[in-house]
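Hi,

Here is the structure I said I'd pass on.

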Amino acid sequence: MDLEQEAPPDLCRLIYSSRMTIDDEPQAVADEIRRILAWAREWNRRTGISGALLFDLRRFAQVLEGPPHAVKSLFGHIACDGRHADVTLLDYVPVRTREFPTWSMAYVEATPDEMEPRFGAGAFRNGTSEAEAILALLRFVLQDHRTV
């Protein structure tokens, strides 16, 4: 018997997407995103969560990594948050290492036109899932540290 397989995972990764419901002027939306990031970074530091948020001015996609109970709890709060609609769990897996260990919450913003080729209709014909595409894009962008 392999005891390592019997032990519950210490880390998990959750990836979700949602539609933004904040309907306001661009500056008000930007201010609200800054408030979300400030709260998330503090909360995540305290609860051992790391990750990255991708926002295309219409949709959110986020990777959360950390202790399973903390990640599940945070996702429950996000799913009930009125700033999100159509919250879709794309992936939830145990992991041995974090993809974003130094980020309490990295932030990547792109326009819908920049994101459409990666996540629009027909973007996943090669067998790549939406979760894999989100993770690959965030890995790529964060390697260059082009984040806020």
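To start with burial: of the 148 residues in the protein chain, 42% are buried (under 20% relative accessible area, with exposed being over 50% and partly exposed in between, using a 1.4 Å probe and protein chains only). Keep in mind that this is a predicted model, where local features need pLDDT of at least 70, side-chain atom pairs count only at pLDDT 80 or more, and totals for chains, interfaces and linings use all residues. Residues are numbered from 1 along each chain as its sequence is written, and side-chain values use heavy atoms, leaving out hydrogens and water.

Now the fold. The chain has 5 helices and 5 strands (DSSP runs numbered from the N terminus: H or I of at least four residues for helices, E of at least two for strands). In sequence order they run α-β-α-β-β-α-β-β-α-α.

The 5 strands make an open sheet in the order β4-β1-β3-β2-β5, with mixed pairing (two strands pair if DSSP finds at least two bridges between them). β4 (84–95) and β5 (106–109) are at the edges with a single partner strand each, so one side of each has no neighbour in the sheet. Within the sheet, β2 (residues 50–55) and β3 (residues 59–66) pair antiparallel over 6 bridges, and Gly-51 sits opposite Leu-64 in β3.

Two helices pack on this sheet. Helix α2 (residues 26–47) touches β1 (11–20), β2, β3 and β5, while helix α5 (residues 130–143) touches β1, β2, β3, β4 and β5 (contact here means heavy atoms within 4.5 Å).

Cheers

Technical notes: Axes fitted to C-alpha atoms, helices over the stretch in contact; angles between N-to-C directions.
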